Amino acid sequence: MLRNSLEIDKRFLFKSTLYNFLGTALKVAAPVFTIILARIFGKEAFGIFIGMQLWMLTLSRVAVFGLDKGLNWFLPQNNVNNRPLHLGFNESLNRSVIISVIIFAALFMCAIFGLHKYSESLATLSSTELSIYALSIIPWAALHIFGGTAEGIRKPQYRMFITDCSVYAFAPLVSIAFYFASIPYALPAGLLIANVLGCLIYIPLLPFSLKISRNKIPKELLIYSIPRGFSEVVATFLMRVDVWMVLLLLGPGEAGVYAVMVTISNGLRTIRQSYTPILLPVIAGMNKERLNTDLKPVFSYCVNMVTLIQLAIGFFIVLFPEQVLMLAGKDFIVQPETLGILLFAHLFGGFFLLTGAVLNGIGKSLYTLKMDLASLSVAFLVNYFLIPVWGLPGAALSTLAFILLQSIWNNVYLFKLNLRLYSKKVIPYMVWSIFLLAVYILLPNFPLELWQKITFYIVAICGLVATWRIFR
């Protein structure tokens, strides 16, 4: 029986991996469109746009408050516990939308009275622009709930293709179309329309009908979601604090440059993040015996696939950094070593931060909240002291610092719980990661022609494919 369960989980992970490969190809489009957005609108406007986009995303996380992550954990248990399969869905959606409307109303009042103009970085925003940005919170909150529901019913491809790919590609495309059509407020309107379109795509795909529910959110779902909600809000601040502090300390121009680098390097981070909701319900369905026998092969498989995809992207960025940054324009080729630091921070995280899915899968959501709070403190302090001295590399080092902290903390904690995660099959991918680091360090001293870089990249990809075939 346990062996059958492991085979079912492996088939699910393999199918999800195929979706991830396709989703990764599609995810490339969104950062490219976003970088083109920077080229069209300029550093200052783009820097403000990224800052506002991240701020609205954070507030949408406040509105949902972990219920999307809770549904990922709660819905698989409805069938096991003979509960209605849709229990928790409409209750969570209704509460999240209501809270997002309240947040929008508060920001709308701030916009009317021009309170945002007290911030020098946001003084150029009109009240209408801020109101449109704020309105995007409502469909964004619904997108979180829809995505968590899709993951809970083992349809992670919905979130991959709609939330992670389509919505983030629609937003810059709509903004670019509005710009050339001379339609005002192109940047905030693009964000709002993309979120609304994403919701409209989700609705016919989910097996649950949308209803207004006055029922209370199930107690088990609420107890699990509250720590996850705090943790998600903290984690959202954690992932964006460097951009915001660059905006505040160095201005919108530098923030625009840094935002482009973050957008490029986030291609690696999203690979790991897309595996987290795939791995979590699998672990949540394991009893204590299966955790001791099946966790290691399942976890190591996910780590290997994440690292494989990240390495393919990483080699491209390391070999062609100027060409990548040139998509945004010459003005964005500033302190390119920043991109390298961000790249290796997320590559390291791909190896060691999937442990967060294990911890949440075994119900340790309060632990992850404590860890994220400590990490946020570290990131804030590193940003505060290093950005004025080193500029953009200082901001990138803050990302590296909290990823190192989380990686060490998580793995030590799981070791104390007597959970062993890594099999010998991860060693070849670790060697590849070290090799990529060596290429990054040595390449400036041994400059290559463009054709040599292309050849090197093709050989590296062939080597990665061969490694996967041998050690899968």
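This is a predicted model: local features need pLDDT of at least 70, side-chain atom pairs count only at pLDDT 80 or more; totals for chains, interfaces and linings use all residues.
Local features need pLDDT of at least 70 and side-chain atom pairs count only at pLDDT 80 or more, whereas totals for chains, interfaces and linings use all residues. Residues are numbered from 1 along each chain as its sequence is written, and side-chain values use heavy atoms, with hydrogens and water left out.

**View 1. A salt-bridge network joins Arg-61, Asp-68, Glu-151 and Arg-159.** A salt bridge here is a side-chain nitrogen of Lys or Arg within 4 Å of a carboxyl oxygen of Asp or Glu, and the whole structure holds 3 of them. The closest N and O atoms are 2.5 Å apart between Arg-61 and Asp-68, 4.0 Å apart between Asp-68 and Arg-159, and 3.6 Å apart between Arg-159 and Glu-151.

**View 2. Asp-68 and Arg-159 form a salt bridge.** This pair links distant parts of the chain, with Asp-68 in helix H4 (residues 67-80) and Arg-159 in helix H8 (residues 156-180), 91 residues apart; helices are DSSP runs (H or I, at least four residues), numbered from the N terminus. Asp-68 counts as buried because its relative accessibility is 0%, and Arg-159 is buried at 8%, where buried means under 20% relative accessible area, exposed over 50% and partly exposed in between (1.4 Å probe, protein chains only).

**View 3. Phe-108 lies in helix H5 (residues 89-112).** With a relative accessible area of 34%, Phe-108 is partly exposed.

Note on methods. Helices (H or I, at least four residues) and strands (E, at least two) are DSSP runs, numbered from the N terminus.
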